[in-house]
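User: I would like to go through this protein and its ligand site in short questions. Please keep the answers brisk.

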Amino acid sequence: MTTSNGAPLERSSGARAGSDFPLVFETSQPGRRAWSLPEAGDSSPALEDVIPAAHRRRDPPALPEVSERDLVRHYTRLSQRNWAIDVGAYPLGSCTMKYNPKISEEAASLPGFSGLHPLSDESLTPGALELLGVLEEALCEATGMSKLTFQPAAGATGELTGLLIMRAFHRSHGEERKRVIIPDSAHGTNPASVSLAGFQAHEVRSDERGLVDLNALRDALDADVAGLMLTNPNTLGLFERDIEKIAEAMHEVGGLLYYDGANFNSIVGVVRPGDMGFDIVHLNLHKTFATPHGGGGPGSGPLAVSERLARFLPAPVLGWDEGAERWFWDEDRPDSIGRIHSFHGNFGINVRAYCYLRSLGPQGLRRVAERAVLNANYLRVLVRESFPTVYEGTCMHEFVATAKPLRKHGVRGMDVAKRLIDLGYHPPTVYFPLVVEEALMVEPTETESRETIDGLAAALNQIAEEAATDPDLLHAAPVTTPVARPDEARAARDLKVRWTP
Ligand SMILES: *Cc1c(COP(=O)(O)O)cnc(C)c1O
């Protein structure tokens, strides 16, 4: 394919010949339109009266001119080049790519919600405020916390917010603590957020169980430690068994405990971070509570805190006016760390979460966690001959297996992942966490059926056999996709998103 001046048009590297279709710009025909309406009558205002000439562009933008039919076909074909949770299983470890019920989408699309302006007066939006109020109460109940903010737009923003609150708490005692403890099995955003908040990350190693080494933790503790960030279950999919001892040791030196609740689907309705001794919890509504995750869409990472930290939350927070019996935005927060997002966060995500909670109820939520853990363990056992786990015992909602046994055939974790695409499944996370060689991190999620998990297990076991009998098949995979093995670093750093005629 070439541009109109004959130069080759660069696509992402690794594109296959023959599977391409033209860019929408290349199908453009002058004057072609997607739809036409009859001329408006005389009563409509002239353009000049609506937008003054000084603010209007002189030349029309160089947009593609296509019919509706070609437009629909173009974007439908584009969408089919991607894998999606609505197409099939997406067992990506760490990130919970589960099926999201469409009823939550419908609720969020109700015009009363989707058309709401963030500056609307409180007297006009009691329903929206009540939705947030009830959702806040439910999420505080589920986490064992007392108050939360919906401002953080993602898990990582929740982390930053929590760390800023940690600093405000210590400062309120006249202390300037510098270090935050993070286990080596933590999610990558944890140390990044610690640096961003101006703390130093102090890494504590895991022991042979894949859990926090209690002695190493105790050695790291002193009065300079602001707190500990813990992902539980950790990124190995293991529940920290010594959590009460960890909390006790931390509280002894006056530090706070931060719970990375991105993987809340593994414990929701079963245990509560507040009961384990945590003071700060973020949730990823876009992983656990029915919002599609990934693709750069909006997220919501509410941050919940215990009572002693509530006064530091970003303002405004939701208040309940006892006399008037209504929710309101409480702006009078002198100890607040300040805003972390414009307006009230990503409201539509909260509507989805509300709908999800309401449709499941407390019992249903508990079944979410039970299913998530059951599905992961079922799959783990079905594939353990081919892909053993490094750490013993049952896992929580995900497990980390290793493709190391296939190395003797010259096959690597990436080859397994790529071959899985040809067999109709999204690959698991590969090469993470770093503490496991040839890591395959798998989360089947609670939403997949037994049949799907059986199919996934059969595919993985087939790949292990193919590694021995036909390793080149794995090296060549995937053969069924428009793009095979792009140079990932280049694709991310050297992205070409602009087309110039
Ligand atoms: C996904 C995830 C995060 C980060 O959440 P984002 O919404 O992507 O910022 C943090 N911690 C863990 C354990 C996660 O899985």
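The questions below cover the ligand site, a surface patch and some backbone features.

Analyst: This is a predicted model, where local features need pLDDT of at least 70, side-chain atom pairs count only at pLDDT 80 or more, and totals for chains, interfaces and linings use all residues. Residues are numbered from 1 along each chain as its sequence is written, and side-chain values use heavy atoms, with hydrogens and water left out.

User: How many residues surround the ligand, and which are the closest?

Analyst: A residue counts as near if one of its heavy atoms lies within 4 Å of the molecule. The shell holds 14 residues. The closest are Ser94, Gly155, Asp260, His286 and Lys287.

User: Which side chain has an N or O atom 2.6 Å from an oxygen atom of the ligand?

Analyst: Polar contacts here are pairs of N or O atoms within 3.5 Å. Ser94 uses a backbone N or O atom, 2.8 Å from a ligand oxygen. Gly155 also uses a polar backbone atom, at 2.8 Å. The side chain in question, at 2.6 Å, belongs to His286.

User: How much of the ligand's accessible area does the protein cover?

Analyst: Accessible areas come from the Shrake-Rupley method with a 1.4 Å probe. On its own, the ligand has 380 Å². The protein covers 89% of that.

User: Which helix gives the largest share of the shell?

Analyst: Helices are DSSP runs (H or I, at least four residues), and strands are E runs of at least two, numbered from the N terminus. Both α6 (155-172) and α11 (285-288) supply at least two shell residues. The largest share, 3 residues, comes from α6.

User: Where is Pro233, which is joined to Asn232 by a cis peptide bond?

Analyst: The bond between Asn232 and Pro233 has an omega of about 5°. Pro233 sits in the loop between β4 (225-231) and α9 (243-252).

User: What is the omega of the cis bond between Phe432 and Pro433?

Analyst: Pro433 is in the loop between β11 (429-430) and β12 (439-442). The omega of its cis bond with Phe432 is about 0°.

User: Is Thr96 buried or exposed?

Analyst: Thr96 lies in the loop between α2 (68-80) and α3 (102-109). Its phi is positive, about 45°, although Thr96 is not a glycine. Buried means under 20% relative accessible area, exposed over 50%, partly exposed in between (1.4 Å probe, protein chains only). At 1%, Thr96 is buried.

User: What is the relative accessibility of Glu438?

Analyst: Glu438 is in the loop between β11 and β12. Its phi is about 50°, positive although Glu438 is not a glycine. Glu438 counts as buried, with a relative accessibility of 4%.

User: Which residues make the nonpolar surface patch of about 250 Å²?

Analyst: Patch residues have over 30% relative accessible area and no salt bridge; nonpolar side chains (Val, Leu, Ile, Met, Phe, Trp, Tyr) are joined within 5 Å, like charges within 9 Å. A salt bridge is a Lys or Arg side-chain nitrogen within 4 Å of an Asp or Glu carboxyl oxygen. The patch is made by Leu47, Val50 and Ile51.

Terms used. Polar contact = N/O pair within 3.5 Å; in protein donor to acceptor, adjacent residues only side chain to side chain.
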